[in-house]
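The sequence and structure are shown first.

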Amino acid sequence: MSLASGPGRARTDTAHLPDDLRLYIDKHVMYIQSLDRRKDELEYWLTEHLRLSGLYWGLTALHLLGQPDALPRDEIIDFVISCMHDNGGFGAAPGHDAHMLYTVSGVQILAMLDAFEDFEQRVQDGKRKIGHFISNFQNRDTGTFAGDEWGETDTRFLYGALNALSLLGMLHLVDVTKAVEHVDSCANFDGGYGTGPGAESHAGQIFTCVGALTIAGRLDLVDRDKLGAWLSERQLPNGGLNGRPEKLEDVCYSWWVVSSLAMIGRLHWIDKEKLATFILRCQDPELGGIADRPGDMVDVFHTVFGIAGLSLIGYPGLQEVDPVYCMPKSITQRILAG
Amino acid sequence: MGVYSDDPLWADVEPLPQDDGGPNPLAAIAYTDEYSEAMSYLRAVMASNDMSERVLSLTEDIISMNPAHYTVWLYRARVLLTLKKDLKEEIAWLNPTALNYQKNYQIWHHRQTIIDALDSPEGEAEFIAQMFERDAKNYHVWSYRQWLVKRFDIDDESELKAIDELLRADVRNNSAWNHRWFVVFGRHEGDSLDETVLERELKYAQAAIYLAPQNQSPWNYVRGLLRKYNKPLSTIKPFATEFASLDHPDDVHSSHALDVLADIYEGEGTKADAAKALDLLAQKYDPIRANYWTYRKFLLGFPPEPDHPIFHHHNY
Ligand SMILES: [Zn+2]
């Protein structure tokens, strides 16, 4: 599965939108299926370092579009297992170093395919190995998580760890209290959160911090009105959302901003209709796929986050998405109910 | 046949083709030749843990084709440190690479590894300034800069001067405002609060607001300052009134000023005025966030209209 961009472009002709501007569900399904058949293109191989996450993005989009079986289940499981290392971590593709981000994608894919048992049968002690790979990256003094052996920490990795461990039912392997304290120390004067203490507020990092606090059951630490005000200020007159003040709008922030607002119960502070129109304008109506903004190349990353954003704001015809996990709610509910 | 297969330097290495995880069409093979060959040699050297000089040119080659490949960077750093190479040379090589691939996360991580090993920030301020000329809001560069400040305990004065230059170029650079907060307060967490610093920072932010009243960064900064020092928001009432006044509802120069005034009126107990300010925001100056402003009014004790969407949400 590729993050390969293109081939299509989002519509540019914003002045003459058709009256029936809608989500082209069938086209998007075909687009995601086609990504995997583009192995004769260099772009496919240049994005190999993202492959496992690309697979998670594509699979999530298909689930939300109501086509969960549009990719072959057995082949996906084979591929996921082929990315796994003996230490329990996953690389982006076979032969790539194990990394937190791809390990999380691996777990999310297995969860979406309801494949933990298949996995356990094929990889002895597999879940426990993953749990240990992830928990070993926590610094027990500071609560932070690194993403790889080089030790750089980032609230993305902390969120990823709590995400995957909660899906595996293994949160007890880490010090959740310390992790929560670290997230709290990343809160900025403007109400947002960054990659670490003192780092600029950024909608993507806010998603990871609020997501981590939600999984830990500690949303009480968030000043919801202040954060909600900052997040809702991300909406621009064209309906799109940016990730930081004075930056351009981008479809992926339809996810990072709106999911954060949903988690703190402030989803209605943005103009949903305007946002929906903006996302729909970023589609390629012929070949499918969604771009970051109208006129740009489509890619699977913006395709899933555009669709997930639409799901959050209740766009008709889509499966409900879980704002904490970016997976279908029916699936996270089943797994977390244990 | 290939750059590497024809090179005697690589004659002893048996290239490892892509192992795509078994009979699985999801990852069938059709690499372009050049990239594919280089990768097969990388897999081979990694498999044998080859730490020789030639690996540096191999990784350089792959990075030039695909700088986002994180495994290549990690392996290159490992070889550099093992061979005890001249790390200044590595930085000199990295500079143009970083300028060409500004959004690349791996390059910054690599740079941090190398500068940390060099144990000196010499030349880094100049390089960062060059990066900022292309994109003064690059998140990786700002994170790296914070790391440098902490790692080498760089003094406040030179940092504040650099920030000032960036804000002169673009007063709306939120990254620069954030770094200012980090330098003034973030790195001195736990120090006692100095009133002269409050005065200096208030003055600085207010001067910036005069330049661009609708710029949210300095307004956030001012709110943050007053909260930090436990001062009431009414401290800046005369200042805010310069940009918005209920007496002149058609002549508002900053929605942020109106927002501040709403809070000030609420604090003073003149809720009707606060409600007026919030109505202006909802109806005229920031209608896209009408629901937010209505919620603020609701907190004041004004019930929203019965069909208002606020009633559809119960989880306040
Ligand atoms: Zn984006």
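The model is predicted.

## The interface of chain B and chain A

The size of an interface is often given as the accessible area lost when the parts come together. Between chain B and chain A, about 5,400 Å² is buried, and carbon and sulfur atoms give 54% of this area. Chain B brings 58 residues to the contact and chain A brings 62 residues.

Across this interface there are 20 residue pairs in polar contact, both residues being at pLDDT 80 or more. Several helices of chain B each supply at least two residues to the side that touches chain A, among them helix H1 (33-47), helix H7 (139-152) and helix H15 (290-299). H11(B) gives the most to that side, with six residues. By class, the side of chain B that touches chain A comprises 26 nonpolar, 24 polar and eight charged residues.

## Salt bridges

Side chains of opposite charge can pair when their charged atoms come close. Over all chains the structure holds 37 salt bridges, and two salt bridges are counted between chain B and chain A. Two examples from the structure are tabulated below.

| Residue with N | Residue with O | N to O distance |
|---|---|---|
| Arg289(B) | Glu233(A) | 3.8 Å |
| Arg266(A) | Asp225(A) | 2.9 Å |

Arg266(A) lies in the loop between helix H12 (252-263) and helix H13 (272-281) of chain A, and Asp225(A) lies in helix H11 (residues 224-232) of chain A, so this pair ties together parts that are 41 residues apart in sequence.

Conventions:
Residues numbered from 1 in each chain as written. Chains lettered and ligands numbered in written order. Predicted model: local features only at pLDDT ≥ 70, side-chain atom pairs only at ≥ 80, totals over all residues. Heavy atoms only, no water. Contact = heavy atoms within 4.5 Å. Buried area = accessible area lost by both parts, 1.4 Å probe. Salt bridge = Lys/Arg side-chain N within 4 Å of Asp/Glu carboxyl O. Polar contact = N/O pair within 3.5 Å; in protein donor to acceptor, adjacent residues only side chain to side chain. Helix = DSSP H or I, 4+ residues; strand = E, 2+ residues; numbered from the N terminus. Nonpolar A, V, L, I, M, F, W, Y, C, P; charged D, E, K, R; others polar.
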